[in-house]
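Thank you all for making time this morning. I would like to walk you through one structure, beginning with the chain as a whole and then moving to its strands and loops.

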Amino acid sequence: VASPAAKADDHAGLVPIKSPMVGTFYAASGPDAKPFVSVGSTVDEDSDVCIIEAMKVFNNIKSETRGTISKICVTNGQAVEFGTVLFLVKP
């Protein structure tokens with residue numbers, strides 16, 4: 001079992017992409033669509049990384065950073081809060 005300190009070291013230097021709202025996380029634009037990003041995907045500030053549905057409105061979420069997706073921190077269909085870390089990006 002990794003200690004919390006070791007886990008923090010694994011994430012050192014990574015930039016979090018956080019949820020700007022409360023809602024439901026969707027990795028793709030539809031059930032049959034491929035995910036917007038996966039681990040290893042390259043993103044820039046304008047890349048769509050996911051959709052968050054809030055009150056029946058589907059909001060495309062931009063990465064707002066440049067780099068490579070290092071970790072996906074939530075699962076498809078998961079409820080997220082404002083500030084939940086969705087992805088970690090290696091700059």
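This is a predicted model: local features need pLDDT of at least 70, side-chain atom pairs count only at pLDDT 80 or more; totals for chains, interfaces and linings use all residues.

Residues are numbered from 1 along each chain as its sequence is written, and side-chain values use heavy atoms, with hydrogens and water left out.

Let me turn to the overall build. Helices (H or I, at least four residues) and strands (E, at least two) are DSSP runs, numbered from the N terminus, and on that basis the chain comes to one helix and eight strands. Read from the N terminus, the order of the elements is α-β-β-β-β-β-β-β-β. The radius of gyration, taken over C-alpha atoms, is 13 Å, close to the 12 Å that the globule rule (2.2 Å times the number of residues to the power 0.38) gives for 91 residues, so the chain is as compact as a globular protein of that length. Along its principal axes, the C-alpha trace spans about 40 × 25 × 25 Å.

How much of the chain is buried? If buried means under 20% relative accessible area, exposed over 50%, and partly exposed in between, with a 1.4 Å probe and protein chains only, then buried residues make up 32% of the 91 residues. As for contacts, meaning heavy atoms within 4.5 Å, residues 24 or more positions apart account for 60% of those with a separation of 6 or more.

Now to the strands, where two of them pair if DSSP finds at least two bridges between them. Four strands form an open sheet in the order E1-E8-E6-E3, with antiparallel pairing. Strand E1 (15-18) and strand E3 (42-43) stand at the edges, each with a single partner strand, so one side of each is left without a neighbour in the sheet. E1 is joined to strand E8 (residues 85-90) by four bridges, and the two run antiparallel; within this pair, Ile 17 stands opposite Phe 87.

Strand E4 (residues 48-54) deserves a separate look, since six of its seven residues are buried, so it is largely enclosed by the rest of the structure. Three bridges join E4 to strand E2 (residues 23-26), which runs antiparallel to it, and there Thr 24 faces Glu 53. Six bridges join E4 to strand E5 (residues 57-62), again antiparallel, with Ala 54 opposite Val 57.

Met 55, in the hairpin of E4 and E5, which has two residues between the strands, takes a positive phi near 50°. At 78% relative accessibility, Met 55 counts as exposed. Glu 64, found in the loop between E5 and strand E6 (67-72), has a positive phi as well, near 60°, and Glu 64 is also exposed, with a relative accessible area of 66%.
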